[in-house]
Amino acid sequence: MKLLSNELRLIFRSRLSSCALLLLLLLSSLAVWLGLQQVAQQRHTIERLAELQQKDAEAVADRYADSGDAGSFAYYTFFNTWDPPSDAAYMAMGMRDVAPYVLRIRALGLQAQIYDGETFNPELALPGRFDFAFVLIYLSPLFAIALLHDLVSGERQSGRLRLLLSIPGAGVLWRRRAALRYGLLFAALALPLLVGALASGTATVAIAVALLITASYLAFCVGLSLWVSSRGWSSAANATALMGAWTLLTLVLPTLANMAITRSIPVQQGVDLMLAQRETVHGAWEVPRQETMQQFFEHHPQWRDTAPLPEGFHWKWYLAFHQVGDESVAEKVRAYRTGLEARQRWTEHLGWLLPSVGAQAALHRIAATDLTAQLAYQDRIAEFHREIRQFFYGYLFTDKPLQREDFSSRPVFAPRATDTVSIGAQLLGVMLLGGIVFLIGMARLRWLDASGAVSKRHHSRRVEADLAVIDRVA
Amino acid sequence: MTVVTRIAREEWRLLLRDRVAISGLLLLVLLTLVAALNAYEHQRSANAERAHYQAQANHAFEAQPDRHPHRVVHYGHFVFRPVNPLAAFDPGIDAYTGNTLFLEGHRQNTANFGDVRQSSLLLRFGLLSPAFVLQVLAPLLLIFVGHASVARERESGTLRVLLAQGIAGRQIVAGKLLALSGFAGLAVLPALFALGWLGVSGHAPWEQALLLAVAYVGWLLLWALVVVVVSSQFQRGRDALLALLVAWAVLVILLPRWLPDLVNTSVPLPTRFESAINAEREYKELGDAHNPDDPYFSAFRAQVLEKYGVTRIEDLPVNYKGLVGMEGERASSALFNRYAEALFELQRQQNALVDHFSWLSPTLALRRLSMTAAGTDLENFQRFLRQGEDYRYQLIQGLNQLQVDELVYADDTNPKKENRISHTHWQAFPEFEFRPAPPGNVLDRALPAGLVLLCWLMAFAMLIRVAGTRLGRMAR
């Protein structure tokens, strides 16, 4: 205990280390605070819009209640849908700034509504959010480098290295120092995260997973820093090598990978389906109405034996051709969806190689703010849209007038309950990478020689130990 | 050979023997080339794809059968946003904006199918482009290569020797700066070639390509200055390195991300949801064309009747229903445009706030300059939306005019009658063509950011003089 507190004092006596730790604590607190603020803002917006929507629906009811015309109700009534931020969303805002989390839909063709965007400022979205994910993935490695790049070389440069190495059990000393720095870095990240979790009532599992991701990713950075520091280079060379590695891992390789994934999995089907759906919908005015109805009944036989179309316009025909339009592009919708999912899947695969990508994917999965969460919201909208259609069809196909009290029993959107996130593989990838690199880095500290590098004599033993470590982890 | 060039040559000799410098430079050049080729190829294929879709949409519009013009108003049209040629250098917000805009009557739609919603979060790591390489990575390389340039001389004691030989501190610093700038020149060279090719071959306006070239040369020069100034302030190279890395992390990574986020929360944008509801409510308040007693449309009717000198709408020589459609479209478009412009204004305010911070981080100034010159900034996107809206308005009003002229009121109000006009009318509408901002306008808008960058350069040019003088004095 005494030793530990001594080491602790040493760390905090160094201006660089104490400043770095304090700064990291500040930055992660700031990020968590901003995240909580944004989540609160989004929740507030959802509530405010629900009220606004309620008034809007009332206005529709006022206008058409007397007519009892279900078609007018179907055409003019918008329904609100929303995707509330999860209790872990404050960690990683993900796509919630560029994709809608509130969307109004009505009983017309879904495919012409569901891809509508949200208003946001693309120039502000471009650099990305300042959230905990950013602090963890981009900034925390820099702090690990700052604290560890001169762990060994600093002692050599100040002339204490020989003395330290002559102490029996010097390996333990280095590892204690490294572990202490790791612990402090982790604390600087984890404390604000925990406070945030308390403030937003994050589920225990989610916060545990987030902490695991943090610990694993940090372990990777610390392990890599130790690996480099134990090579006997100068502090400047260590810093250069580590910054080079950081640049590759967080800036260069992910963008190269993104380029590869975007090019190999095109998703232009989105535009295709939009164009095709519009042709079918508007083409309906040119084809005999009975033909459209037959197409419709094929998928919805429950309305087949209802009253035939009258001479003039009837809303049920109008809504039917909208639905036929949606159904005519079902194949394209699936293809589009498959493309998006493939992009997401390959990103997750990449997490096995790049801890930055792995940690990002895992953290956003836990926060439910990634592409998968977006698609889940769209699925929920589609489900709700089916309910809306069924509701109006019940009146239109039976020619039952829609009264005010019927209108108040219209379907109400219920957001998907915070889905139980399956995160196994992504988390495992980050943990494995972090664990292996950390253990290798720690193991190398055992065989430092007077030059501050792992001695030649121990070279073969070192390799064996490294392998043993990998064995143990895998 | 002057003293300065001799010092620079010595520094060069060291640089060329430095493994980090050489491999870093090679990596950077390689990345620039890969990025340039990829961005160019992406820009080309995206444009080919969008041109293809535009042609398809044009064809679909023109090949419509005989229809009632109001059907066509709802059938609408699609326009696709082409990628500006210089996006091959700096894609800017291209991936964050939709490229497909559906135009129809009585509505303003969003541009959809932007890459940002069609990619995994991997996209948020950034796009590999020559601009990204030069903005973010090149300064880092200059730091690695140059952090010890002056500090090394001091650390090893050669600084004293140099000064004792009668070389002025300023000359030493100038020599180091020359060497590092030369190195930076090598790093920026492939990008300059790419820009030169884009400008000379006529792919892009040469003025804008030139502006980009100047901006990035200035940017790297600024970093060379920063590196040499900082290096001359520290006793040890490693301290200079740490200080520079912190500066880089704060100026290039942290602030350009944090400040926009701050602005985003301090100037919130209304959601599309509420703007739509509010606009619709206002629209309803304007009047109801179907209500014979509606004050707004009664006044309109009276005005029309007076203009044609008749007392009943049935006696009008034109189709009154079409006129009402035109009036409704005019009023609703004015309303929607008001909302759209209010939003644009808010976005502009946000960007202006961020721009103020370029006094804090020159990266923000460079980014503004770069995106503006490349035509991949918000202004350009808003330009597309505006032109799309203009086109939509002309199209819809053209169709309404057809309803006014080609259909008879009595027929048009008879639900039993099929009212269709010849499909040849559809072919008479002009096709949409996006007109990017003229280079003069681009240069004007880039000017403020350019000035900020110039101020940064001048400030550090001044600092380096001071640093040189101090260096000389200190040795005495």
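Predicted model: local features only at pLDDT ≥ 70, side-chain atom pairs only at ≥ 80, totals over all residues.
Figure 1. The domain assignment divides chain A into domain 1, comprising residues 2-32, 131-259 and 429-473, and domain 2, comprising residues 56-128 and 265-408. Their C-alpha centres are separated by 47 Å. Contact between the two involves 29 residues of domain 1 of chain A and 22 residues of domain 2 of chain A.

**Figure 2. The boundary between domain 1 and domain 2 of chain A.** About 1900 Å² is buried between these domains, and carbon and sulfur atoms account for 78% of that area. On the domain 1 side, the residues that lose the most area to domain 2 are A:I137, A:I213 and A:L433, which together make up 21% of what that side buries. The domain pair has 0 salt bridges, whereas 9 residue pairs are in polar contact, with both residues at pLDDT 80 or more.

**Figure 3. Helices of domain 1 that face domain 2 in chain A.** Two or more residues each are given to this side by α5 (132-148), α8 (170-200), α9 (204-229), α10 (235-264) and α18 (424-444) of chain A. The greatest contribution comes from α9(A), with 7 residues. Sorted by class, the domain 1 side that touches domain 2 of chain A holds 22 nonpolar, 6 polar and 1 charged residues.

**Figure 4. The interface of chain B and chain A.** Here 87 residues of chain B are in contact with 98 residues of chain A. The two chains bury about 8400 Å² between them, with 63% of this area on carbon and sulfur atoms. Across the interface, 41 residue pairs are in polar contact, both members being at pLDDT 80 or more. On the chain B side, helix α10 (residues 237-266) supplies the largest share, 16 residues. The residues of chain B on this side comprise 46 nonpolar, 22 polar and 19 charged.

**Figure 5. Salt bridges between the chains and within chain A.** Side chains of opposite charge can pair when their charged atoms come close. Over all chains the count is 45 salt bridges, and the count between chain B and chain A is 10. One bridge joins the side chains of A:R48 and B:E274, with an N to O distance of 2.7 Å. Within chain A, the side chains of A:D83 and A:R96 form a salt bridge at 3.5 Å, N to O. Both A:D83 and A:R96 lie in the loop between β1 (79-82) and β2 (102-105) of chain A, 13 residues apart.

Figure 6. An unreviewed UniProt entry assigns the annotation "transmembrane region" to residues 132-152, 182-199, 205-228, 240-261 and 423-447 of chain A. In the model, residues 240-261 of chain A are 100% helix and 0% strand, and the end C-alpha atoms of this span lie 30 Å apart. Residues 423-447 of chain A are 84% helix and 0% strand, with end C-alpha atoms 38 Å apart.

Figure 7. For chain B, the unreviewed UniProt entry places the annotation "transmembrane region" on residues 20-40, 121-145, 177-198, 210-229, 241-259 and 446-467. The span of residues 121-145 of chain B is 64% helix and 0% strand, and its end C-alpha atoms lie 33 Å apart. Residues 241-259 of chain B are 100% helix and 0% strand, with the end C-alpha atoms 25 Å apart.

Conventions. Residues numbered from 1 in each chain as written. Chains lettered and ligands numbered in written order. Heavy atoms only, no water. Domains from an automatic or database assignment. Contact = heavy atoms within 4.5 Å. Buried area = accessible area lost by both parts, 1.4 Å probe. Salt bridge = Lys/Arg side-chain N within 4 Å of Asp/Glu carboxyl O. Polar contact = N/O pair within 3.5 Å; in protein donor to acceptor, adjacent residues only side chain to side chain. Helix = DSSP H or I, 4+ residues; strand = E, 2+ residues; numbered from the N terminus. Nonpolar A, V, L, I, M, F, W, Y, C, P; charged D, E, K, R; others polar. UniProt positions renumbered as here; feature names shortened; annotations may be inferred.
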